[in-house]
Amino acid sequence: MRIVVGISGASGVGCGIRLLEKLQEKKVETHLIISDWAKRNIEMETDYRVADVEALAGYCHNNRDLSASIASGSFLTSGMVVIPCSMKSLSAIANGYADSLIARAADVNIKEQRKLILVPRETPLNALHLENMLKLARLGVVVMPPMLTFYHKPAALIEVVDHLTNRILDQLGIANESAVRWKGCVSRETNEIEFPGP
Ligand SMILES: Cc1cc2nc3c(=O)[nH]c(=O)nc-3n(C[C@H](O)[C@H](O)[C@H](O)COP(=O)(O)O)c2cc1C
C-alpha cells in the first residue's frame, strides 16, 4: 500500500506526525510533503525536528516540486491524507488551484477518484471554509476535522490524537486492532443494553 501524506501549516502538526508513525508501524509506503509553514509549526508545537518527521516517511517531496512522481495520476497510490489541512490548502484543493505539491497531489487524487482525506483545522469556521468543505464533500472527499472525542474517556491529548488517527486508518482500510471501538451502552453486569432514565 502506498499513501501520500501532506502536512500543512495549520495548528496540530502533531496529528500528522502520529499518523506517519502509525503508517510506518503498519509498513505502509508513505510519500510525505511538509509545507513551509508546517515546518515552522513542527518546531513551534512539537519536540520533533523536521528531519525527525521526514525520517518517519518512506519518501519526502518538496512542496514546490510540481515535477514529483505524486504530481501525476500515472503514479499509482491508494490515497492521500492532508493532516492538518490549513484553510489555505483547503481552498487551493477546493478550487483546483494546484500551485503547491500538496494541492496538486490532492487534485490528482480527486481526478483519479482515489481516496482523499482532509483534516481541516480552524475555529471558528467562516462561510468560505464551510463552502470549501461542502464542495469537497460533494466530490467524495472525506472531511475529518480533528474533533474532540470523549466516549473513550481520554486522560491525555495523545489519546484524542490516537483516536483521530485510528479513524483515519479505518478510512484507508488498514486493519488496526489497537483502536478503541464503540460497543453500545451494554451493562458490564447483565450484558443488556442500558437505556437512560427511569
Ligand atoms: C502557529 C501558527 C498556527 C496556525 N494555525 C492555523 C490553523 O489552525 N488553521 C489554518 O488554517 N491556518 C493556520 N495558520 C496559518 C497558515 O500557516 C497559513 O495560512 C499558511 O499560509 C498555510 O499555508 P500551507 O497550507 O501551504 O501550509 C497558522 C500559522 C501559524 C504560524
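The model is predicted: local features need pLDDT of at least 70, side-chain atom pairs count only at pLDDT 80 or more, and totals for chains, interfaces and linings use all residues. Residues are numbered from 1 along each chain as its sequence is written, and side-chain values use heavy atoms, with hydrogens and water left out. Helices (H or I, at least four residues) and strands (E, at least two) are DSSP runs, numbered from the N terminus.

**Ligand site**

- The ligand has 14 residues around it, and Gly9, Ser35, Ser86, Ser89 and Arg121 come nearest; a residue is near a molecule or strand if one of its heavy atoms lies within 4 Å of it.
- The shell around the ligand holds four nonpolar, seven polar and three charged residues. Here Ala, Val, Leu, Ile, Met, Phe, Trp, Tyr, Cys and Pro count as nonpolar, Asp, Glu, Lys and Arg as charged, and the others, Gly among them, as polar.
- At least two residues of this shell come from helix 2 (36-45), and at least two from helix 4 (87-94).
- Polar contacts are pairs of N or O atoms within 3.5 Å; within protein, one must be able to donate a hydrogen and the other to accept it, and residues adjacent in sequence count only if both atoms are side-chain atoms.
- An N or O atom in the side chain of Ser35 is 2.6 Å from an oxygen atom of the ligand. For a backbone N or O atom of Gly9 the distance to a ligand oxygen atom is 2.7 Å, and for a polar backbone atom of Ser11 it is 3.1 Å.
- On its own the ligand has 640 Å² of accessible area, of which the protein covers 73%; accessible areas come from the Shrake-Rupley method with a 1.4 Å probe, and for residues only the protein chains shown count as cover.

**Helix 4**

- Six of the eight residues of helix 4 are buried, where buried means under 20% relative accessible area, exposed over 50%, and partly exposed in between (1.4 Å probe, protein chains only).
- The buried residues are Met87, Ser89, Leu90, Ala92, Ile93 and Ala94.
- Their cover includes strand 4 (79-85), helix 5 (101-111), strand 5 (116-120) and helix 6 (127-138).

**Thr77**

- Thr77 sits in the loop between strand 3 (59-61) and strand 4 and is buried, at 14% relative accessible area.
- A polar atom of the Thr77 side chain lies 3.4 Å from the backbone nitrogen of Gly79.
- Neighbours within four places in sequence aside, Thr77 is in contact (heavy atoms within 4.5 Å) with Arg2, Val4, Asn109 and Arg114.

**Cysteines**

- The whole structure has zero disulfides, a disulfide being a pair of cysteine sulfur atoms within 2.5 Å.
- Cys15 is buried at 12% relative accessibility; its closest cysteine sulfur, in Cys85, is 13 Å away, too far for a bond.
- Cys60 is partly exposed at 39%, and its sulfur is 19 Å from the closest cysteine sulfur, in Cys15, also too far for a bond.

**Backbone details**

- The peptide bond between Ile83 and Pro84 is cis, with omega about -10°; Pro84 belongs to strand 4.
- Thr123 and Pro124 are joined by a cis peptide bond with omega near -5°, and Pro124 lies in the loop between strand 5 and helix 6.
- Lys27 is not a glycine but has a positive phi of about 60°. Lys27 is in the loop between helix 1 (13-25) and strand 2 (29-34) and is exposed, at 73%.
- Gln113, also not a glycine, has a positive phi of about 55°. Gln113 is in the loop between helix 5 and strand 5 and is exposed, at 74%.
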